[in-house]
Structures are given as structure tokens and as C-alpha cells.
Amino acid sequence: WNDERNSFAAFLEAQHVILGWRSPIGPADVRDKTLLALAAHAEAVHKPLFVVLVDESTCLSGIRHGLVPTWIGTESFIDLPTWSIKGGRRQKVRWARNHAVGLGLQWRELRPTVDTNDHASMREVEQSWKAERRERRTDSFQRTSFTELMEIRRYFGCVDGDRVLAFCACTPASSTGWYLQDIVRVPEAPRGALEGAMSLALDVLRDEGFETASNGPIPFWLPDGAQPDTHALGPIGNRVVRFFDHQYRFGGISQFRNKFVADRTEPLYVLRNRRAIGPFAATSLVRLLTKPASPVD
């Protein structure tokens with residue numbers, strides 16, 4: 001936290017590295033000092049610092065403080081007042097959803113906090129989704145778990161009778177916007193089940209007067225389809241990137257989420273201090289992103 005307690009930066013600290021997550025939170029005119037405080041802490045403990053998935057303003061702030069920026073992806077946003085799957089822009093979503101409609105599937109808002117059948121069925125979906133690929137069963141801070149933040153989240157699912165086949169967990173990002181955070185399905189879910197769940201989420205949020213929805217950060221994807229250049233990360237940094245590309249299959253993520261054509265995109269960056277990125281730092285970074293966090297001492 002800053003001294004005024006109106007801004008903070010989230011980070012995890014390991015033995016050989018510090019990982020900051022997203023941009024500092026708080027008023028725009030004080031976030032700069034919060035980032036500076038985090039960078040000063042990293043220097044005080046003599047550790048490499050990575051601040052991952054920061055926006056353009058934080059990137060410029062980091063440059064002023066001597067941090068090194070590298071483009072790392074794109075976050076896409078949907079303008080809810082104009083959201084629709086009609087027309088040609090999002091016809092892939094409409095075609096997929098229509099395919100599922102033809103199979104008799106339906107969509108509704110799920111309420112796992114009050115409906116025990118919804119809760120049990122959603123747990124089965126999440127467990128089968130994780131069982132499909134070992135790398136999805138991470139217990140790091142990036143884990144997928146519909147039971148976290150249930151009191152503020154909303155869930156929209158595809159149902160076949162009483163059984164949930166797929167659902168989208170939405171997390172509030174501000175008083176006017178939402179984040180389509182976790183999207184999961186059973187392996188045998190028909191094409192269009194998940195697209196329909198996301199479409200329903202956006203329909204409901206639009207009709208309730210919200211302004212924007214984030215479709216999440218898409219690593220190493222450019223809106224114009226150009227091939228990204230990651231050479232600035234160096235040989236060890238690129239080994240970390242290849243590890244996570246294999247782990248999370250960035251290409252598949254971008255291919256699916258890009259069906260929901262964005263109305264606005266923002267570049268995302270990683271900021272790092274000028275300390276050398278050695279093998280120990282790289283190992284610590286991978287561990288923070290894939291394993292449960294534990295105290296340094």
C-alpha cells in the first residue's frame with residue numbers, strides 16, 4: 001500500500017524473484033508512486049522484479065522509473081451497450097450457438113450459492129475440464145475455481161436438462177465492468193455450448209446497464225494478426241515463454257476468445273528491473289505461476 005492507503009500493488013515474493021501482478025490499483029495520479037515503491041522494495045532485497053500484464057500507462061510509468069518494458073500480449077474489451085452476435089463481425093459465435101440450439105441445449109444464469117444442483121453440476125464440469133489436461137490442475141494463484149469469490153461472481157451456463165455442460169464465471173472488475181474470467185466445459189460438450197454461455201453473460205450484463213466486459217488477456221496475440229517478436233526477453237526469458245506456451249496453449253486460447261471480436265484492445269506489458277535473469281530467477285518465476293504460494297521464511 002502507499003502511505004495514503006488509497007493505492008496498492010499485488011505481488012508475490014519468492015526466494016529469487018518478485019512477481020507483480022497487473023497494474024497498481026487506485027487513482028491514476030497516485031499509481032505511479034505505488035509502482036515506484038514496489039520497484040524500490042525489489043532493489044532493497046536484491047531480487048529481479050517482474051510486473052506482469054500491466055497496461056500502457058503503467059508501462060510508461062515503469063520506463064520513467066528505469067524499468068525495462070516488453071510487450072507480452074493484448075487485452076480485449078467488448079462494449080456492452082452495442083454488444084450483439086447479429087451481422088458478420090461475430091458470425092462464428094452465432095453459428096456455433098445455433099448448432100447447439102439445434103441439439104436442444106439451453107442457457108441460463110446459474111446460482112450455485114442457493115441451488116445445490118447447480119453447485120454439484122458445476123463442480124463436475126470443472127473437475128472433468130481439469131482432468132482432460134494435467135496442466136489445468138494448477139493450484140497457483142492462477143487456478144480456476146468457481147467456488148472462489150462466489151459472493152460477488154455471476155455464472156452463466158449451458159444446460160442439457162438438469163446437467164450443466166459448460167459455464168462462464170464472470171468477476172466484477174469495476175462498478176461498470178466485468179471480466180469473463182473462467183470458461184470451462186465438459187470434454188464432450190457440443191460446439192456452441194460455451195459460446196452460448198458467454199453470449200448469455202454478455203446479453204444479461206448489457207441489459208442490466210453495464211458498460212464494458214473484458215475478454216481477458218491474450219498472451220502474445222496482436223490485433224492485426226502479425227507474428228509477435230519476443231526477443232527482448234533474452235534466451236532464459238524465452239525459455240520461460242515457451243514453457244507457458246506449452247503449458248497453457250496460448251494459440252488455442254486466442255483462437256477461441258477471438259470469436260468474440262473486440263470493440264477495443266489494449267497492449268499489455270511485462271516490466272522488469274535491470275537485474276540479471278538467471279536460472280534461479282527463472283525457476284522461481286515458473287514456480288510462482290504454477291505452484292501454491294508459500295512464505296519466503
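Here is a friendly conversation about a predicted model and the terms used to describe it.

User: Before we start, what should I know about the numbering and the model?

Analyst: Residues are numbered from 1 along each chain as its sequence is written, and side-chain values use heavy atoms, with hydrogens and water left out. Local features in this predicted model need pLDDT of at least 70, side-chain atom pairs count only at pLDDT 80 or more, and totals for chains, interfaces and linings use all residues.

User: What makes the pair F146 and F167 edge-to-face?

Analyst: Rings of Phe, Tyr and Trp (its six-membered ring) pair if their centres lie within 6.5 Å; planes under 30 degrees apart count as stacked, over 60 as edge-to-face and the rest as tilted. The centres of F146 and F167 are 6.1 Å apart and their planes meet at 75 degrees, so this pair is edge-to-face. F146 sits in the loop between α4 and β6 and F167 in strand β7, 21 residues apart. Helices (H or I, at least four residues) and strands (E, at least two) are DSSP runs, numbered from the N terminus.

User: Why is F146 called buried?

Analyst: Buried means under 20% relative accessible area, exposed over 50%, and partly exposed in between (1.4 Å probe, protein chains only). F146 has a relative accessible area of 1%, so F146 is buried. F167, at 1%, also counts as buried.

User: What kind of aromatic pair do Y155 and F167 form?

Analyst: That pair is edge-to-face, with 6.5 Å from centre to centre and 75 degrees between the planes. Y155 lies in strand β6 and F167 in strand β7, so the pair ties together parts 12 residues apart in sequence. Y155 has 2% relative accessibility and therefore counts as buried. F146, Y155 and F167 form one aromatic cluster.

User: Which residues touch the most other members of the largest nonpolar core?

Analyst: A nonpolar core is a set of buried Ala, Val, Leu, Ile, Met, Phe, Trp, Tyr and Cys residues joined through side-chain atoms within 4.5 Å. The largest one has 44 residues, and Y155, F167 and L202 touch the most other members. Helix α5 (193-207) gives the most to this core, with 9 residues. A second, separate core has 26 residues, including F50, L268, L288 and L289.

User: How do you know that the span of α4 is close to the expected one?

Analyst: The expected span is 1.5 Å times one less than the number of residues. Helix α4 (residues 116-132) has 17 residues and reaches 25 Å from its first C-alpha to its last, close to the expected 24 Å. Its buried residues include M122, V125 and W129.

User: What makes R97 a charge over the ring of W107?

Analyst: A charge sits over a ring if NZ of Lys or CZ of Arg is within 6 Å of the ring centre and within 35 degrees of the ring normal. The charged end of R97 is 4.5 Å from the centre of the W107 ring and sits over that ring. Likewise, the charged end of R264 sits over the ring of F77, 4.1 Å from its centre.
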